[in-house]
Amino acid sequence: MDSTDVIIIGGGLAGLVCGIHLAKAGIPVTLFEKAPYPRHKVCGEYISNEVLPYLEWLGIDLCKLNPVSINRFEFSSVSGKMVKAVLPLGGVGISRYALDYYLYQKAVEAGCSVSGTNITGIIHKNSLFDVVASEKTYPAKIVIGAYGKRSVLDKGRDFFHKKSPWLAVKAHYKGVFPDDTVALHNFEGGYCGVSKVEGDVINICYLADYRTFKKYRNTIQYQEEVLWRNRHLKKIFENSTMLFEKPLVISQISFEKKEPVENHILMAGDTAGLIHPLCGNGMAMAISSAKIAAEAVLAYLSQGITREEMEQRYRREWNYNFASRLRAGRLLVKVLQNKPLTEYASGLIASFPSVLPAIIKQTHGKTITITP
């Protein structure tokens, strides 16, 4: 492979959308993603409508994937106390199995070179990069890190050396659940998101405290003995049939603060910062970060700003768009981990329903405006 302007490491939402944006602008892009498409991923599979204008501008038509329109939110405490609200912006439910594969096809169509090579290292030297694989080194002017929540490529980052107490479990189910609703049900040691995706399928994805989880033989026992104490979750599980052979499980999920630029690499999506799933907006954040990264790179390659200015611009825009949302997410988690406080807050919100949409707005952005 010859030298390229931009190498993107990771083919999830952030990597693929950023690749499409740059390729459509005429920038040579090589994207590395070691796992094949299509595949399932641990994810809440809900996208806020805030990013739809940007996706449409890129020529990405989610309607082709038959997503589910979602405009209602419900929350329950461990005891089962329920609070409901209308989502301020609304969103859609779409599986990563369908969406990532569609974006991959759009990236190739736009001109991205996509490789299944596993990247093992990144070296920055003399304003250029060498992206290292087991058998070859790939030179580039710009590297964008979009390889997800945690990778061997993160070994030099602070968060990598801090043990995380969280793991996530996800599976698809057939059963009865409202098409227009995304639900968040609290349980002892975690919380569970439930919503529909295409094909009348229910996505159930929960975050659990590992110290509690490891006391049980398997996910099924854990669900029945811990999650089912919340009567709403019990009803959902009892009336649903799992479509996967077994749930997907990932561990060492870190919500520690990350830097959006590390060793001159622009980090995007979960690689730059992970919002707690209870905030329900990680997919939109990944897509928004792809836009910010692409615009910063284009300013460097096409408008003549310096590398330092590009990095400063990206860091500034990333913090402006996401820093407060991540802080709000961390605060909400502290509340949910405190059972008496959660029960009190649930009662307060039930008495003052307008409070919940205001809380939701703190973890969601404004609709992206596209300037021609």
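Predicted model: local features only at pLDDT ≥ 70, side-chain atom pairs only at ≥ 80, totals over all residues.
**Overall make-up**

The protein contains ten helices and 17 strands. Its 372 residues are 54% buried. Of the contacts between residues at least 6 apart in sequence, 73% join residues at least 24 apart. The protein exposes about 16700 Å², and carbon and sulfur atoms supply 52% of that area.

| Quantity | Value |
|---|---|
| Buried residues | 54% of 372 residues |
| Contacts joining residues at least 24 apart, among those at least 6 apart | 73% |

**Glu74**

Strand β4 covers residues 68–76 and includes Glu74. This residue is buried but has no salt bridge. The nearest side chain of opposite charge belongs to Lys84, 4.1 Å away, whereas a salt bridge requires a distance within 4 Å. Leaving aside residues up to four places away in sequence, Glu74 touches Met82, Val83 and Lys84, as well as Phe177.

**Helix α7**

Helix α7 runs over residues 282–302, 21 residues in total. From its first C-alpha to its last, α7 reaches 30 Å, close to the 30 Å expected at 1.5 Å a residue. The helix is mostly covered, with 16 of its 21 residues buried. After α7 comes Gly304, which has a positive phi near 85 degrees.

Conventions:
Residues numbered from 1 in each chain as written. Heavy atoms only, no water. Helix = DSSP H or I, 4+ residues; strand = E, 2+ residues; numbered from the N terminus. Buried < 20%, exposed > 50% of the residue type's maximum accessible area, 1.4 Å probe, protein only. Contact = heavy atoms within 4.5 Å. Areas by Shrake-Rupley, 256 points an atom, 1.4 Å probe, with all protein chains shown as cover. Lys, Arg positive; Asp, Glu negative; His and termini not counted. Expected span 1.5 Å × (residues − 1).
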